[in-house]
Amino acid sequence: MAGRFRPGTSRATVHGGAAHPTPAIPRQAAAAASTAAPRTRRWAPPWPLDLGLVLGPLRRGPADPTFRTTPDGSVWRASRTPAGPGTLRVATRAGSVEAEAWGPGAEWLLDGLPDLLGAADAPEAFIPRHRLVATAQHRRPGLRLLRTGLVLESLIPSILEQKITTDEAYRAWRLLVRTYGEPAPGPDTGMHVMPDPRAWALVPSWEWHRAGVDHKRASTILRAVKVARRLEEAAAMAPEQAMARLELIPGIGPWTSAEVIQRSNGAADAVTVGDLHLPRIVGYALAGERDTDDAAMLELLSPYEGQRHRAARLIMLAGRTPPRREPKMRRVDIAQW
């Protein structure tokens, strides 16, 4: 959890009705567009918006084949929606958000644009109880909690991230999506849409091994895709119910379910427990204690009940982390076994 919620402020920042202008998509990308014209939408958020902060948690590593940022400040996503695969490009210009979408899922993606960018979030309900948290909130006015409405696209990479380094998990996600997914609709960006449930179910055992995914995590993914439709229903549930449904799948516990509904449901209180780094970071930032466990972390975050995930994100963004005194988790490449 720790490293994925620390993106810097994007140059594409909307503040009320004013914006830092961003140039258009590079011409070479536009020239490579498919013959089908994109669907478009323009939306003006009535509050500050930082695309990098809001959408950053969806990126699974610098080479994520489903997520891309371009020098003009645009953010691109390739998603598998209920209506089919789709590609979404989001940029800010003249005080508003401009979006383009391609593929069968284009209309679904555009309909969900406000929620994706935090329209369903309620940051005004958050009251800082620590100076560090208040300072982080003041410095990041464009932070809002996104809501994708899609469960599986966050669930599968979260399962891949269980009990291993993020670099190993990012590599596995990248290899599997590029091999078994499909090219994203629209411009030829090199992006891919993740595989559908049937394609995940047909991944051979040796390909999981080649991607560095052990039997336990592969089996959890296979169990999840068998009931993909029921899991996707969790995106419309209250966070507690959504987590309970996900945790019915053997191999999915509180860490994984929290990581998912933070993204799919925009759950402001879904604090990640069972994380290797987060308790120590929270403990060090709020109490100067570097050996904090989950129970102590939850006690420190108790003043933020109902908004604990937001508080944790702000603490991460504050950058006050304990000095490292242990070696990083050793990388183990099972593909070499």
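Helix H14 passes helix H15 in a left-handed crossing. In this predicted model, H14 spans residues 278–287 and H15 spans residues 294–301, and their axes come within 9 Å of each other while crossing at roughly 45°. An angle from 65 to 115 degrees would count as roughly perpendicular and one under 35 degrees as roughly parallel; the two helices are therefore described as oblique to each other. On the side of H14, the residues that make the contact are Leu278, Pro279, Val282, Gly283, Leu286 and Ala287. On the side of H15, they are Asp294, Met297, Leu300 and Leu301.

How many of the 10 residues of H14 are buried? Seven of them are, so the helix is largely enclosed by the rest of the structure. The buried residues are Leu278, Pro279, Ile281, Val282, Gly283, Ala285 and Leu286. H15 is one of the elements against which these buried residues pack; the others are helix H5, residues 131–139, and helix H16, residues 308–318. Just after H14 comes Gly288, which takes a positive phi of about 70°.

The account now turns to a single residue in another helix. Leu231 belongs to helix H11, which covers residues 228–232. Its relative accessibility is 2%, and because buried means under 20%, Leu231 counts as buried. Which residues does Leu231 touch, not counting residues up to four places away in sequence? They are Val151, Leu152, Leu155, Ala224, Arg245, Leu246 and Ile249.

The side chains of Glu233 and Arg230 meet in a salt bridge, with a distance of 3.0 Å from N to O. Both residues count as partly exposed: Glu233 has a relative accessibility of 29%, and Arg230 has one of 40%. The pair also belongs to a network of salt bridges that links Arg229, Arg230, Glu233 and Arg245. Arg245, a member of this network, is also among the residues that Leu231 touches.

In the whole structure, a search finds 16 salt bridges. One of the salt bridges joins Glu98 to Arg42, and the closest N and O atoms of the two are 2.2 Å apart. This pair links distant parts of the chain, for Glu98 is in strand E8, residues 96–102, whereas Arg42 is in strand E3, residues 39–43, and the two are 56 residues apart. Are the two partners buried or partly exposed? Glu98 counts as buried at 19% relative accessibility, whereas Arg42 is partly exposed, with a relative accessible area of 49%.

The side chains of Glu100 and Arg89 meet in a salt bridge of 3.2 Å, N to O. Glu100 is in strand E8 and Arg89 is in strand E7, residues 84–93, so that this pair, 11 residues apart, again links distant parts of the chain. Arg89 is buried, with a relative accessible area of 3%.

Two further arginine residues deserve attention. Arg77 is placed in strand E6, residues 75–81, and counts as buried at 7% relative accessibility. Which residue is joined to Arg77 by a polar contact of 2.4 Å between side chains? The partner is Glu153. Leaving aside residues up to four places away in sequence, Arg77 touches Leu58, Thr66, Phe67, Gly86, Thr87, Leu88, Leu116, Thr148, Glu153 and Met191.

Arg60, by contrast in setting, lies in a loop, between helix H2 (51–55) and strand E5 (67–69). Arg60 is buried, its relative accessible area being 3%. Its side chain is joined to that of Glu161 by a polar contact of 2.9 Å. Arg60 and Pro157 are 97 residues apart in sequence, yet the distance between their C-alpha atoms is 7.6 Å.

Methods
Residues numbered from 1 in each chain as written. Predicted model: local features only at pLDDT ≥ 70, side-chain atom pairs only at ≥ 80, totals over all residues. Heavy atoms only, no water. Helix = DSSP H or I, 4+ residues; strand = E, 2+ residues; numbered from the N terminus. Buried < 20%, exposed > 50% of the residue type's maximum accessible area, 1.4 Å probe, protein only. Polar contact = N/O pair within 3.5 Å; in protein donor to acceptor, adjacent residues only side chain to side chain. Contact = heavy atoms within 4.5 Å. Salt bridge = Lys/Arg side-chain N within 4 Å of Asp/Glu carboxyl O. Axes fitted to C-alpha atoms, helices over the stretch in contact; angles between N-to-C directions. Parallel < 35°, antiparallel > 145°, perpendicular 65-115°, else oblique. Left-handed = near helix turned anticlockwise from the far one by under 90°.
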